[in-house]
Amino acid sequence: MKILQQRAIDVLNKNWKDTFSIPCANLYPFQWFWDSGLIAIGFAHFDMPKAEKEIETLLDAQWDNGFIPHIIFHTETDTYFPGADFHKSSLHPQSSKKYKSTGMTQPPVTGFVLKELYDTSDNKKASLAFVQSVIDKVYHNHEYFYNKRDPQDEGLVYIYHNWESGTDNSPIWDDIWKTMNPPDYTFERRDTTHVDASERPSKREYDHYLHIIEIAKAHNYDDAKIAELSPFLVQDPLFNAVLIKSNKCLIELYELLGDNDDKIAQLKKWQDKAVKSFDNKLFDKEVGAYIHYDLRNEKPLPYLSSSSFAPLFSGIPSPERAETMVKTMMKKFGGDRQYLCASFDPTSERFNPKKYWRGPVWVNLNWMLYKGLTSYGYKDIAARVKEDTIALIEKNGFYEYFDSRKEMHTDGSGGYGGNDFSWSAALLIDLLS
Ligand code: 9WN
């Protein structure tokens, strides 16, 4: 295990670019929001200054309205599409003057990441001083979400683009693509020069992705206009579970800091409403877990994905619901021939174990599941998630995602997407510690 840990440390150091980390060389040459947070969790175990700098740099790119972009384009390179010139984030009047970025966000991990850093630190005083220096920015980010992304005041925030979900080409979005008919754009993909096209989204999927951005750009990334016009408007259980987990951690950190009663009271208000709505609106009894809700077309999207189980990480379900979810997970995803946990229902005809978010196992979701299952007392299943994650990395390397079928891992070719991928390394370090 020591060797694997050292290799993980080497991956993180290799992907460190002085003030932030890239997710991996070539394929992803900039800083990504949720990657950064998860990477900091790994650094915290062996290099706290880098962990803290990673978060500081991320927060330095925050917009005046509290928004944090999903990609921060620190360098000029045309090896990634769509780059800064396509996104044109400066169209938004409150966007960062210092950094070019996208005009979309990603799952707001920063709140719980700060708590992870604090918990890992062996110098609590210094760690709390760091938290004190950045926590209000994270609070401001949550303020943005509840003020701008919750048009019906439900306590649930929407995402307006599949890239905001982090689970980019999940089969869940197929239903939404059916409601759209974007132009057949001409553009040059860069991802498929780095990675086999069979492991990435299709050209037609990219047409949809670009079309939503064109609509947002036509309205200068104005939140109200996006809420009114975006064909993609979804309440995502993973995204909202992450926000709820981060709310919880911000409350705990503000309590540790003291002297922040107003912010604690506001966070508790958001949290109360969020947890109730989440549990009422997103739990599907027939599916036996949480699902996505299509806010644009006002209909549930009754599909099982690894996001369906993310609420365990945030302590949302009652013990009874958690039991139902675990049964669903083991029945659909937990067969003897499957590694836990496929990103999409392996029993569905939309399942594709090689293609990006349509089936492969991702380490970040496994890490959340491991934590969630442990906290609900499912120690054996949690242990299996952990062992499966380690086995996938040991057999293949620090890939971005992995085939969920066990028979695909006999010759070390079951890892897909980018290699030496930062969060796979970072979260492995955390799992092994
Ligand atoms: C678009 C960086 C990111 C992750 C996402 C993952 C992938 C980007 C892409 O890579 O998305 O954001 O170009 O495919 O889906 O979760 O943050 O690692």
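A: Gln235 sits opposite Tyr293, a residue of β7. This is a predicted model, in which local features need pLDDT of at least 70 and side-chain atom pairs count only at pLDDT 80 or more, while totals for chains, interfaces and linings use all residues. Residues are numbered from 1 along each chain as its sequence is written, and side-chain values use heavy atoms, with hydrogens and water left out.

The pairing of β4 with β7 (residues 292–294) is antiparallel and runs over two bridges. Strands here are DSSP runs of E with at least two residues, helices are runs of H or I with at least four, and both are numbered from the N terminus. Two strands count as paired if DSSP finds at least two bridges between them. The open sheet has three strands in the order β4-β7-β8, with antiparallel pairing. Its edges are β4 (234–235) and β8 (299–301), each of which pairs on one side only.

A second open sheet has the order β1-β2-β3 and is likewise made of three strands in antiparallel pairing. Here β1 (31–32) and β3 (100–101) are the edge strands, pairing on one side only. Two antiparallel bridges join β2 (residues 71–73) to β3, and Phe73 stands opposite Lys100 of β3.

Next comes a helix, α14 (residues 319–332). Its 14 residues reach 20 Å from first C-alpha to last, close to the 20 Å expected at 1.5 Å a residue; the expected span is 1.5 Å times one less than the number of residues. Ala322, Met325, Val326, Thr328 and Met329 of α14 are buried. They lie on the same side of α14 because they cover an arc of only 160 degrees around the axis, where the arc is that of the directions from the helix axis to the C-beta atoms. The other side of α14 has Glu320, Lys327 and Lys331, which are exposed. Buried means under 20% relative accessible area and exposed over 50%, with partly exposed in between (1.4 Å probe, protein chains only).

The cover over the buried residues of α14 includes β5 (283–284), β6 (289–290), α15 (363–375) and α16 (379–396). Contact means heavy atoms within 4.5 Å. Leaving aside neighbours within four places in sequence, Leu373 is in contact with Val326 and Met329, and also with Leu312, Tyr378, Ile381, Ala382 and Val385. Ile381 belongs to α16 and is buried at a relative accessible area of 16%. Not counting residues up to four places away in sequence, Ile381 touches Val326, Met329, Met330, Leu340 and Leu373. Ile381 and Leu369 are twelve residues apart along the chain, and their C-alpha atoms are separated by 9.6 Å.

In soluble globular proteins, nonpolar side chains tend to be buried together.

Gln271, in helix α13 (residues 261–282), counts as buried at 11% relative accessibility.

Cys24 is buried at 0% relative accessible area, and Cys249 is buried at 6%. With a disulfide taken as a pair of cysteine sulfur atoms within 2.5 Å, the count is zero.

Some backbone details remain. Most residues other than glycine have a negative phi, and most peptide bonds are trans. The peptide bond from Leu340 to Cys341 is cis, with omega near -5 degrees, and Cys341 lies in the loop between α14 and α15. The bond from Phe81 to Pro82 is cis, with omega near -5 degrees; Pro82 is in the loop between β2 and α4 (84–87). Asn26, not a glycine, has a positive phi of about 70 degrees. Asn26 lies in the loop between α1 (2–15) and β1 and counts as exposed at 54% relative accessibility. Tyr221 has a positive phi of about 55 degrees, lies in the loop between α10 (203–218) and α11 (223–229), and counts as buried at 3% relative accessibility.
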